[in-house]
Amino acid sequence: MKTFQSSSIEVEEEFTSLYRWQHWIRAISIVVLTVTGFYIASPFVTPAPNSEPTNFIQALFRSWHEIFGFVLLAVVLFKTYLFIFSKRYRGEIGSIKDFLNPKVWAKQIGYYLLVSKHPHLKGTYNPLQFVAYIGFYVLMAILILTGLILYVHVYHNGLGAMLYGPMRSFEVMLGGLAWVRELHHIAMWGVILFVTVHVYMAIYNAVFGKDGSMDAIFSGLKWKKH
């Protein structure tokens, strides 16, 4: 970790450029997938009619949905690799200790209620953040699995053919294709809720923490007073 120290403020590298790139690629993917997913479920744009067979706007939205679906899959797998194997981000696993500590829970809730100071953390995330991120990746797993099940029903060659057998087995386990679609939509609403709360809490911590916690996802740097 890089640190830059002055007489009263110490600046450290909170997020590497690689970490920031995967964060923003994931964020852009979620936005594109949300918009195209809503369109696939209920088309809200009508192309101008003409006599040529060129109004394949549903296919266009579906293709972008699938492209960014695989981009999201790649980024989630990469982030999971960093979480498990990267020494640089061992603090994320260290958050489990804070999650299991009732005193940290009490101080953290008090901090959000503006009645106590932020607790000292052994890991990267406070307990509430840790629970939220675990829930987020559970939703990501559901979205990816249900998305692949839907994918193999459209594309039957190449990757679709390779995944067809396993995905059909999961389809049966989940109760059929109709329920797979519903579960896909429900998980997406969960992600939308998470993103909304995530942005709010990032702004909250930036305002009350005054340590550049939100700036860090742009510049990578976070600072603290001695």
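Select Tyr125, Tyr133, Phe136, Tyr137 and Phe194: ring pairs join these residues into a cluster. Two rings of Phe, Tyr or Trp (its six-membered ring) pair if their centres lie within 6.5 Å; planes under 30 degrees apart count as stacked, over 60 as edge-to-face and the rest as tilted.

The model is predicted, so local features need pLDDT of at least 70 and side-chain atom pairs count only at pLDDT 80 or more, while totals for chains, interfaces and linings use all residues. Residues are numbered from 1 along each chain as its sequence is written, and side-chain values use heavy atoms, with hydrogens and water left out.

Across the whole structure, a search finds 19 aromatic pairs. For one of these, select tryptophan 64 and phenylalanine 68: the ring centres are 5.9 Å apart and the planes stand at 35°, so the pair is tilted. Both residues sit in helix H2 (residues 57-85), four residues apart, which means about one helical turn separates them. Helices here are DSSP runs of H or I with at least four residues, strands are runs of E with at least two, and both are numbered from the N terminus.

Now colour by accessibility. Buried means under 20% relative accessible area, exposed over 50%, and partly exposed in between (1.4 Å probe, protein chains only). Tryptophan 64, at 42%, is partly exposed, whereas phenylalanine 68, at 18%, is buried.

Next, select phenylalanine 70 and tyrosine 151, an edge-to-face aromatic pair with 5.2 Å centre to centre and 85° between the planes. This pair links distant parts of the chain: phenylalanine 70 lies in helix H2 and tyrosine 151 in helix H5 (residues 127-152), 81 residues apart. Phenylalanine 70 is partly exposed at 30%, and tyrosine 151 is buried at 15%.
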